[in-house]
Amino acid sequence: MLRRKKKETPTEVLPDTPTEDHYQDLDLKQMIDRLDDKSRTVILLRYFEDFKLEEIADIVGENLNTVKARLYRTLKKLRLELEPESLDGNQNHFSERSHAHETGRKQTDG
């Protein structure tokens with residue numbers, strides 16, 4: 001969805017198990033609109049306008065490392081929003097660990 005298109009190699013054999021997206025109820029525009037201005041700008045320039053990170057840094061007048069950090073932090077945030085919830089409605093272990101890391105709290109098992 002937010003990744004660049006990869007080069008495809010035609011094959012004669014189809015994959016054994018087709019995969020299905022679980023984003024039927026997702027409205028990408030709404031997710032992007034909820035981002036702060038700086039994060040939204042980096043995402044739009046990178047994935048919708050196909051600019052390189054160096055070009056984005058020049059456009060927004062920021063250091064390249066700042067742009068990289070903002071991009072990866074925003075992608076992580078979007079990824080966490082996209083993660084399907086487990087069957088019992090609780091977040092999966094990865095989400096809990098990520099949230100604990102982001103808030104500076106120690107993850108406890110149990």
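Trainee: Which residue lies over the face of Y47?

Mentor: A charge counts as over a ring if NZ of Lys or CZ of Arg is within 6 Å of the ring centre and within 35 degrees of the ring normal. Here R46 does that for Y47, at 5.7 Å from the ring centre. Keep in mind that this is a predicted model, where local features need pLDDT of at least 70, side-chain atom pairs count only at pLDDT 80 or more, and totals for chains, interfaces and linings use all residues. Residues are numbered from 1 along each chain as its sequence is written, and side-chain values use heavy atoms, with hydrogens and water left out.

Trainee: Let's step back. How many helices and strands does the chain have?

Mentor: Helices (H or I, at least four residues) and strands (E, at least two) are DSSP runs, numbered from the N terminus. This chain has five helices and zero strands, so by that numbering its elements read α-α-α-α-α from the N terminus on.

Trainee: And what sits in the largest nonpolar core?

Mentor: The general idea is that nonpolar side chains tend to be buried together in soluble globular proteins. A core is a set of buried (under 20% relative accessible area, 1.4 Å probe, protein chains only) Ala, Val, Leu, Ile, Met, Phe, Trp, Tyr and Cys residues joined through side-chain atoms within 4.5 Å. In this structure the largest one has 14 residues, and V42, I43, L53, I56, V67, L71 and L78 have the most contacts inside it. At least two core residues come from each of α1 (28-33), α2 (37-48), α3 (53-60) and α4 (64-82). The largest share, five residues, belongs to α4. Across the chain, buried residues make up 21% of the 110 residues.

Trainee: How do α2 and α4 pack?

Mentor: For α2 and α4 the angle is about 95°, with the axes 9 Å apart. That makes the pair roughly perpendicular (65 to 115 degrees). In contact terms (heavy atoms within 4.5 Å), K38, S39, V42, I43, R46 and Y47 of α2 meet V67, R70, L71, T74, L75 and L78 of α4.

Trainee: What about α3 and α4, at what angle do they pack?

Mentor: Their angle is about 105°, again with axes 9 Å apart, which makes α3 roughly perpendicular to α4. L53, E54, I56, A57 and V60 of α3 make the contact with L64, V67, K68, L71 and Y72 of α4.

Trainee: Which residues does L53 touch?

Mentor: Leaving out residues up to four places away in sequence, L53 touches R46, L64, V67, K68, L71 and Y72.

Technical notes
Buried means under 20% relative accessible area, exposed over 50%, partly exposed in between (1.4 Å probe, protein chains only). Axes are lines fitted to C-alpha atoms, for helices over the stretch in contact, and angles run from 0 to 180 degrees between N-to-C directions. Angles under 35 degrees count as roughly parallel, over 145 as roughly antiparallel, 65 to 115 as roughly perpendicular and the rest as oblique.
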